[in-house]
Amino acid sequence: MTTTAPTFDTSNSLTDHDNPTTNRLRVVFAGTPEFAAISLESLIKQQEALNIEIVAVYTQPDRKAGRGQKLSASAVKEVALAHDIAVEQPVTFKKSSAEGLAARQTLRTYQPDVMIVAAYGLILPIGVLETPTHGCLNIHASLLPRWRGAAPIHRALLAGDDETGITIMQMDKGLDTGDMLYKVIANIASEDTAASLHDKMAALGATAISTVLKDLAAYQAQAIAQNDSQANYAEKLVKTEGEIDWAQPAAAIERQIRGLTPWPGAYTFLAGQRVKVLASLPVNTSQQTSEPAGTVISVGRKAILVACGKESDTESSATTLAITHLQFAGGKPMTAEQVCHGNQLNDGDQLTTETK
């Protein structure tokens, strides 16, 4: 179903082929992490080609980070400062507070034609969404409406999706519910982790937003409404999601390891000590076992084979997972071969969940 985009003023032409010196589209960019910084850097380099001018960058306030807990600028702020672009870091846009009202007024002074939003991390009220002439566009790392919310890349991996992608969306007051302007599909490889897929999506997002800005009026006129019945909520990750339940099938655990790399990371316990499980091989369905879940079947030079749960209640044997890299508490990451030459893990050991 094709619907009309939100009623923003499109009377000013976005492109003028007869007059290449026409006024550029005034763009405000809002984002915080590396995912957003990739798109910002790309847009900065293409300002002339896209006939745009990035007049300001919005990002989260500096946060304390590292062992020294020193204030650290976001990846987006670093890119903006490197290119001498004005940076704004409001804590809120709520009109119920003096800070929010001031932030709204500051945004209006930039007279934005469009606002590009990518993993900003701050809620934009309807008053902000309607400030730019052509509204706010979101670079979302999912084929909407598949995964709405904070962690679409991770949830796609954890769910075992075969594909994902980027959606450029016209933002509305809902959570990732706006009309879709443009989609790009990307396959999820069997070896993809959250880290590798993040990098793919960041690059794809930069390309997608450039494509839309080349002919924004046309993409907005052909916007498509989302089917809410197909939507899933990609909840924000929490550290405890990394704890492995060996009673789960090996395929689910293998996805857990990839989907939570590098953060929060998958982990298990050996004799009460936490062990990080860094990587494993794709599940070999022919390798089955009758050993209890969590049992270390063999510590080999290529992999550490661990018993997992059954794929279904009708199965007579359980699945296994071949771990290739892990890290013991207080130690460095190790390959299976390094573990094999040591004495920290042996055949028959039992990996467990945390003892409460």
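## The chain as a whole

The protein chain contains 356 residues, of which 47% are buried. Ten helices and 19 strands are assigned in the chain. Its C-alpha atoms fill a box of roughly 75 × 50 × 40 Å along the principal axes. Among contacts between residues at least 6 apart in sequence, 67% join residues at least 24 apart.

The average pLDDT of the chain is 93, and 94% of the residues score at least 70. Residues 1-21 stay under 50 in pLDDT. For this segment the model has 36 contacts beyond four places in sequence. Where pLDDT is low, the predicted coordinates should not be read in detail.

The largest nonpolar core has 45 residues. Within this core, Phe29, Ile54, Ile116 and Leu137 have the most contacts. Helix H7, which covers residues 194-214, gives the most to this core, with eight residues. A second core is separate and has 23 residues, including Ala250, Leu270, Leu326 and Leu345.

Helix H1 runs over residues 34-45 and has twelve residues. The buried residues of H1 are Phe35, Ala36, Ala37, Ser39, Leu40, Ser42, Leu43 and Ile44. An α-helix has 3.6 residues a turn, so residues three or four places apart point the same way.

Helix H9 covers residues 250-259. Because seven of its ten residues are buried, H9 is largely enclosed by the rest of the structure. The buried residues are Ala250, Ile253, Glu254, Gln256, Ile257, Arg258 and Gly259. One of these, Ala250, also belongs to the second core. The cover over the buried residues of H9 includes helix H6 (152-159), H7, S12, S13 and S17.

## Strands and their pairing

Seven strands form an open sheet, in the order S5-S2-S1-S6-S7-S9-S10, with mixed pairing. Its edge strands are S5 (87-88) and S10 (180-187), each of which pairs on one side only.

| Strand pair | Residues | Bridges |
|---|---|---|
| S7 and S9 | 136-140 and 163-170 | four |
| S12 and S13 | 266-270 and 273-280 | five |
| S13 and S17 | 273-280 and 318-328 | five |

Particular residues mark how these strands face one another. His140 stands opposite Thr167 in S9. Thr268 stands opposite Val275 in S13, and Lys276 stands opposite Gln327 in S17. S12 and S13 form a hairpin with two residues between the strands. In this hairpin, Ala271 takes a positive phi near 55 degrees.

## Two residues in their surroundings

Arg26 lies in strand S1, which covers residues 25-31. Is Arg26 buried, partly exposed or exposed? Its relative accessibility is 25%, so Arg26 counts as partly exposed; the class lies between the cut-offs of 20% and 50%. Leaving aside neighbours within four places in sequence, Arg26 is in contact with Glu53, Val55, Tyr110, Gln111, Pro112, Asp113 and Val114. Arg26 and Gly121 are 95 residues apart along the chain, and their C-alpha atoms are separated by 22 Å.

Gln230 is placed in the loop between helix H8 (216-221) and strand S11 (232-234). With a relative accessible area of 47%, Gln230 is partly exposed. Not counting residues up to four places away in sequence, Gln230 touches Pro145 and Arg146. The C-alpha atoms of Gln230 and Pro152 are separated by 14 Å, although these residues are 78 apart along the chain.

Conventions: Residues are numbered from 1 along each chain as its sequence is written. This is a predicted model: local features need pLDDT of at least 70, side-chain atom pairs count only at pLDDT 80 or more; totals for chains, interfaces and linings use all residues. Side-chain values use heavy atoms; hydrogens and water are left out. A nonpolar core is a set of buried Ala, Val, Leu, Ile, Met, Phe, Trp, Tyr and Cys residues joined through side-chain atoms within 4.5 Å. Buried means under 20% relative accessible area, exposed over 50%, partly exposed in between (1.4 Å probe, protein chains only). The expected span of a helix is 1.5 Å times one less than its number of residues. Two strands pair if DSSP finds at least two bridges between them. pLDDT is the predictor's confidence in each residue, from 0 to 100. Contact means heavy atoms within 4.5 Å.
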